[in-house]
Amino acid sequence: MGKKSNPLTRDIDRASAYSIVKMLQVCDSQMFQKEAGTIYQRLLSDQVVKTLMEVAKRVEVIIKDPQESCVVMSGCGTSGRLAFLISSGFNKALSQLNQSEVYSYIIAGGDRALLSSQEAPEDDPRLGVLNLKKVCEGKKRVLFIGISCGLSAPFVAGQLDFCLQHPEVYTPVLVGFNPAHQARDEPIQDCTFTFHSVVQRMQELAKSQKAFLINPAVGPEAISGSSRMKGGSATKILLEAAFSAAHAATSSNTPITHNGVLQHMMAYERTLAVTYSQTDGITTLVEAAGQSLQCSRHVYYLGWGSLALLGLIDASECSPTFGADYEDVRGFIRGGYRELNNNDGPLTSLGPKFSIAHEDFLHLILPCLTDKDTVLLIYTHSDDATEVGNMARRVREKTPNLHAVYHQADGDTAASLQQDDIKKLCLSTLKITWPQEALVSGTLQHMRELSTKLVLNAVSTGAHVLKGKIYQNHMIDLQVTNTKLYRRATRLLQKLSACPEEKCEEALLKAIYRVDMLTLEMTSSDITTHTCFARNSTKVVPLALVILLTGWSLVEAESHLKQQPIVREAVAQWMW
């Protein structure tokens, strides 16, 4: 799913902001396409809804009898961040009803990976197992949900394998978006299993409902290799639909039904329609953010409540996805780590990128803010309008480039009066109005979150496209910091240059080590050595691609890319 290129976005690197948003809309709507003679299940397929019902029933049992039981979600990167978001939201819902919290999350690389890219742990299945054992200590019943969009992360494969070895405690669920036969079949270091062999064992156990596989096709990502977008959205939709059904059944003492789960899923389909009915407003944000990044300035998300978490998540993904600096796009949350309520507590001591409170923004960022930076307020009608207004005024003193994404309920007049003051301070306001039935169904919170995710994904993706981080629809400025990314880089170079693998790897190594002639020591080192060295190199893949397409030396390629960072344009100039 992440690896295939989406024909709809082939020329996104040359598109206007408006066209970028329209392309993303069409891609996102592919998630809900009906089955039309396809062999793959889709998001709303009968089989998918049935499996979600079964998972929901397991969750219901755990909520009703939380002693020595828990639901654990685990993943790498975006998948782990969504595991955190979802577990924190549903635990809050339980504690408001004075019920025991039953959800836990695991993210490869620990809590620092919530806010910054930690690629190396993704390759370590033993670390995955250690994390799982720690979270489940003393538990007698665990529903384990491993999330790996491409059915490829060794970290998650190790955990699933461990669950399969201990069926008396663990029921494993795998969530991903590739067909089972496409699960990664490469050997995993020091392991007897591959991701593919784990999936095969799970398929066998799925027949007797001792394991569950949820892997609908959602269509290729808009930007190839970026499972943070549809992969992340679909993960959120599937798990929240199952958990919401379990919570509804528990509180109303009614059975979980096929229709109930399906209704939850359909609410997310409406979310797409409501969100993208604001294409013009989203385009304005993409243009503003794109202009900021193009002149080497920054984009800041200032959020309240769970919507702020989506800002933090979106910002943290820009670095590994686009090879961006952590300062390029940053998220801040009202209440900082108190509101985040993560396993490890405050991470501020780890460095400036872990300063995430509004106070941190006011102390560290505000003094240096210019009108070339873009600031985006993200809040709802139930947040404190006075507080939002105060923040807007502080920002407005430094820059007019202030925008808002605001969610309100239909017919809420009191809230819209307070809004007027804030609106006057903003250059643009993207107002998303939710129909009354969303309030009734209890899914409003989840719909607003998904809507915010779609908007922020469009803003950060669109801005990086406009900055020149994409070639056709491939992210080429990826950081080559682990085995998976090294192999992805080599495959990408092959695909885009049509050169043989050997030649592509040679160009990649030249760009990593910044040399025109590779030494024997370089060529005979293993991938881990290369990826360690690559951590300190920038623009590795763009440089390698330019070398392959033009035959330039490393110095020539570097100087051309400095003048014209959009690779397709740099190469086009050479062809003329």
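This is a predicted model: local features need pLDDT of at least 70, side-chain atom pairs count only at pLDDT 80 or more; totals for chains, interfaces and linings use all residues.
**Stop 1: helix 3**

Select residues 78–96, which make up helix 3. The helix comprises 19 residues, and the distance from its first C-alpha to its last is 27 Å, close to the expected 27 Å at 1.5 Å a residue. Colour the selection by accessibility: 14 of the 19 residues are buried, and helix 3 is mostly covered. Then step just past the helix to Asn98, whose phi is positive, at about 55°.

**Stop 2: Asp65 and Arg141**

The structure contains 27 salt bridges. Side chains of opposite charge can pair when their charged atoms come close. Display the side chains of Asp65 and Arg141, which form a salt bridge with an N to O distance of 3.1 Å. The two residues belong to distant parts of the chain, 76 residues apart. Asp65 sits in the loop between helix 2 (46–64) and strand 1 (69–75), while Arg141 belongs to strand 3 (residues 141–147). How accessible is Asp65? Its relative accessible area is 38%, so Asp65 counts as partly exposed. Arg141 is likewise partly exposed, with a relative accessible area of 31%.

**Stop 3: Asp190 and Arg126**

Next, select Asp190 and Arg126, a salt bridge in which the closest N and O atoms are 3.7 Å apart. Asp190 is found in the loop between strand 4 (170–175) and helix 7 (195–206), and Arg126 in helix 5 (residues 125–135), so this pair ties together parts that are 64 residues apart in sequence. Are these two residues buried or exposed? Both Asp190 and Arg126 are exposed.

**Stop 4: Arg514 and Glu558**

Move on to Arg514 and Glu558, where a salt bridge brings the closest N and O atoms to 3.3 Å. Which elements does this pair connect? Arg514 occupies the loop between helix 19 (501–513) and helix 20 (520–524), and Glu558 lies in helix 23 (residues 554–563); the pair therefore ties together parts that are 44 residues apart in sequence. Inspect the surface around each partner in turn. Arg514 is partly exposed, with a relative accessible area of 29%. Glu558 is also partly exposed, with a value of 28%.

**Stop 5**

Finally, select Asp11, Asp13 and Arg568 together. Here salt bridges that share partners join the three residues into one network.

Key. Residues are numbered from 1 along each chain as its sequence is written. Side-chain values use heavy atoms; hydrogens and water are left out. Helices (H or I, at least four residues) and strands (E, at least two) are DSSP runs, numbered from the N terminus. The expected span of a helix is 1.5 Å times one less than its number of residues. Buried means under 20% relative accessible area, exposed over 50%, partly exposed in between (1.4 Å probe, protein chains only). A salt bridge is a side-chain nitrogen of Lys or Arg within 4 Å of a carboxyl oxygen of Asp or Glu.
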